Amino acid sequence: AMLCDEGGGIISEPIAGIPGQFAMVGVFEKGYGDVRFVARSKGGHSSAPPKNSPIPRLARFVAAVEKKTPFRVRFSPEVTAMFSRLAPYAGFGLRYVLGNLWLFGPVLKRLLPAISPQAAAMLQTTIAFTMQRGSDGYNVIPQEASVCANLRFIPHQGTDESLQVLERLAKRYGLEMEVLYKGYPSKPVDIEGAPFKLTERTIRECFPGVGVSPYVVTGGTDARFYGEVCDNCIRFSPVMYGPEQMAGMHGLDENIACAVLPGAVDYYKRIIRAQEGGLEQKGPNS
């Protein structure tokens, strides 16, 4: 009926300009992919460099992708719901913009990467160039150079379509594209369904004063392995993350405060009790 995994959490100021603590409940996660772009040539000595050698071709390709995204930017129903729920907590200007996406959506699509890269990543497939390789000598033009990238696929464009878009663009620069791994976005949880409503209700009971909002998980969780057997994979950790915990995530001295654990235990106890009584009941302790 319902699966609970990590994903979102309780954080402060989820978007710049929106103060307060909010439980960001992950309702789907983006797909994961790794690709490698390869440029080839006859090589040669650096004293007589030819035009359009491998590294400049790769550089022009990377610069083109960085300058203008090749992927479609769109507000999904889940992201629209997120902004609608966060809007009342913002100042007048931002509240007016977020509350009227039908009017300000095109402008927000352009500004969001500067306001919140995390929120901007929820609107499109993203690509991050992470590894590169070329010649082993300072004075040698490589016969082969490559750059690797990590992608996170958004449902409205999808894994296969996003890869096709990239491959067509790579060919314009004389590059080959090799797909090293590809995964698919998960099925979204119904934010009007009983599991999400139960999650929202339990958060409000365990953490009074905390706002609740749906959230797109831009990273990856183990919940993706359960999508075939469960339609309601809720990606939410019932803990409050402070600035120290957020800064140390996947880094040096990663930690969690002991004081947040009792609240998490209480949350899961209430969820389990609600499951025992069925998701359709009115309260988690009925």
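These legends go with a handful of close-ups of the structure above.

This is a predicted model, in which local features need pLDDT of at least 70 and side-chain atom pairs count only at pLDDT 80 or more, while totals for chains, interfaces and linings use all residues. Numbering runs from 1 along each chain as its sequence is written, and side-chain values use heavy atoms, with hydrogens and water left out.

**View 1. The largest pocket, with about 800 Å³ of space.** A pocket here is an open set of points on a 1 Å grid over the protein atoms alone, with protein on both sides within 12 Å along at least five of seven lines, and lining residues have an atom within 4 Å of a point. Grid points are joined across faces, edges and corners, and the volume is the space filled by probe spheres set on them. There are 31 lining residues, and Gly 7, Gln 118, Tyr 215, Met 246 and Met 249 sit closest to the centre. Strand E1 (3–12) hands over the largest share of the lining, five residues. Helices (H or I, at least four residues) and strands (E, at least two) are DSSP runs, numbered from the N terminus. The lining splits into 16 nonpolar, 13 polar and two charged residues. Nonpolar covers Ala, Val, Leu, Ile, Met, Phe, Trp, Tyr, Cys and Pro, charged covers Asp, Glu, Lys and Arg, and the others, Gly among them, count as polar.

**View 2. The second largest pocket, with about 500 Å³ of space.** Out of 19 lining residues, Lys 68, Thr 69, Val 73, Pro 113 and Gln 124 are the closest to the centre. Helices H1 (54–67) and H4 (101–115), strand E5 (126–133) and H5 each put in at least two. Ten of the lining residues are nonpolar, four polar and five charged.

**View 3. Helix H7 (residues 194–206) and its packing partners.** At 1.5 Å a residue, times one less than the number of residues, this 13-residue helix should span 18 Å, which agrees with its end C-alpha atoms being 18 Å apart. Its buried residues (under 20% relative accessible area, 1.4 Å probe, protein chains only) include Phe 196, Leu 198, Glu 200 and Ile 203. The buried set packs against strands E2 (21–29), E9 and E10 (233–240), along with H2 and helix H9 (261–277).

**View 4. The largest nonpolar core, 49 residues.** A core is a set of buried Ala, Val, Leu, Ile, Met, Phe, Trp, Tyr and Cys residues joined through side-chain atoms within 4.5 Å. Val 79, Met 82, Phe 83, Ile 203 and Phe 236 make the most contacts inside the core, and E2 supplies its largest share, six residues. Leaving aside neighbours within four places in sequence, Met 82 is in contact (heavy atoms within 4.5 Å) with Ile 15, Met 24, Met 122, Ser 213, Pro 214 and Tyr 215.

**View 5. The second largest cavity, about 30 Å³.** A cavity is a set of grid points where a 1.4 Å probe fits but cannot get out. Ile 15, Phe 83, Leu 94, Leu 98, Leu 108, Leu 112 and Ile 115 line this one. Helix H3 (92–98) and H4 each give two or more residues, with H4 giving the most, three. By class, that makes seven nonpolar, no polar and no charged residues.

Notes: Buried means under 20% relative accessible area, exposed over 50%, partly exposed in between (1.4 Å probe, protein chains only).
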